[in-house]
Amino acid sequence: MRVVYDTILACRATGSKNEKLAILQAQSKNMELKEFLRVTYEPRINFYMKKIDLKFASTNALTIPFDINAINDILAKLHGRKITGHDAKMYIANMYKGFAHDYERELLTMLIERDVKAGFSESTTNKVWAGLVTDVPYMRCSLPKDAKLNKFDWELGVFSQIKADGMFANINHEGNGNVTITSRNGSPFPIDHPAFAALVAEVRDHIPRGQQVHGELLMFLDCKMLPRQDGNGKFNTLLQGGELEGNFAVAYECWDMIPIIGATAKNKIKTPYIDRFEKLESALTYTRSDRTALWLIETKRVKSLKEANEHYRDALERGLEGTIIKDPINLIWEDSTSKWQVKMKLEFECDLEVEC
């Protein structure tokens, strides 16, 4: 692993992106470097800790070299959730403490903090090793000024949905029955945490295998939904390996479902939204009022932009963020910003006077 460390130092020593790329390309056959960078930057890997905290070290230092075997052991224990919380922090601290060389300790720090601090990231590694690090797909909304609302199929009925007030997440119900829940950038949530128990069970019961669902996670405490800022703070705590004290439960409201096999970077799934939503609706008929952990986002079919604006204003009056309108036919799923799903936004002009 000394060559891995020296390669990273060489990249740190130059400010040229082309030179950094050339340095990495010269080491393209170095399997230790390739695996180290993959594990460091792969978003679907989560160690559930932000940094190494030596206060958790015990007297039992792990006297092992930092090599591929050590990386695989970290993956199995931390990402695989074989050890969590205090035990995981002690394991990493003892490993750090037991290394014979400073460069091993630095490499472990880079791995846990998910950054080699050399002026490159996953996009550069993928230029050297194509597809090494997952590019997580996501379909974004347009604003009204960037969309052709006059071409929406108002006669058939445009979908007007409440803009969710939680943290975006993908839920996969895989072909083998496993359930994974990942953040927008691909980081997996610790679904073994008790707060996720009801949600995972309902995904297995209602979402067909081989499907990915899109929606937002909501955090509840004592059956009361937390405000977005507080709820998302709790989700970030879980992503970083922290604990929640109290009667917390996670719910999920969703609006789309696509085959997992198609959820890849730069891909398109040409099934019209009306068909995707109806398939989701047939699998999941619950609403938020049913007090389940998994439900459909509030949805109306509107026949004009005027009706869409009325639904938007109604959402604002209820203290919600707003609405998103979706064309029933032209809205395919794609990893891009779609002009066929539009975030409703009212614009006002006003004169302001600043007093000094």
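Modeller: The model is predicted, so local features need pLDDT of at least 70 and side-chain atom pairs count only at pLDDT 80 or more, while totals for chains, interfaces and linings use all residues. Residues are numbered from 1 along each chain as its sequence is written, and side-chain values use heavy atoms, with hydrogens and water left out.

Colleague: Which strands stand at the edges of the open sheet of 5 strands?

Modeller: Strands are DSSP runs of E with at least two residues, numbered from the N terminus, and two of them pair if DSSP finds at least two bridges between them. The open sheet has mixed pairing and the order β1-β13-β11-β2-β10. Each edge strand has a single partner, so one side of it is left without a neighbour in the sheet; these strands are β1 (140–142) and β10 (299–302).

Colleague: Which residue of β13 is the bridge partner of Lys326?

Modeller: Strands β11 (residues 323–326) and β13 (residues 337–343) run antiparallel and are joined by 3 bridges. In β13, the partner of Lys326 is Gln341.

Colleague: How many charged residues are in the lining of the second largest pocket?

Modeller: A pocket is an open set of points on a 1 Å grid over the protein atoms alone, where a 1.4 Å probe fits, with protein on both sides within 12 Å along at least five of seven lines; lining residues have an atom within 4 Å of a point. This lining has 25 residues, with Glu216 and Trp255 among those nearest the centre. Counting Asp, Glu, Lys and Arg as charged, the number is 8.

Key
Helices (H or I, at least four residues) and strands (E, at least two) are DSSP runs, numbered from the N terminus.
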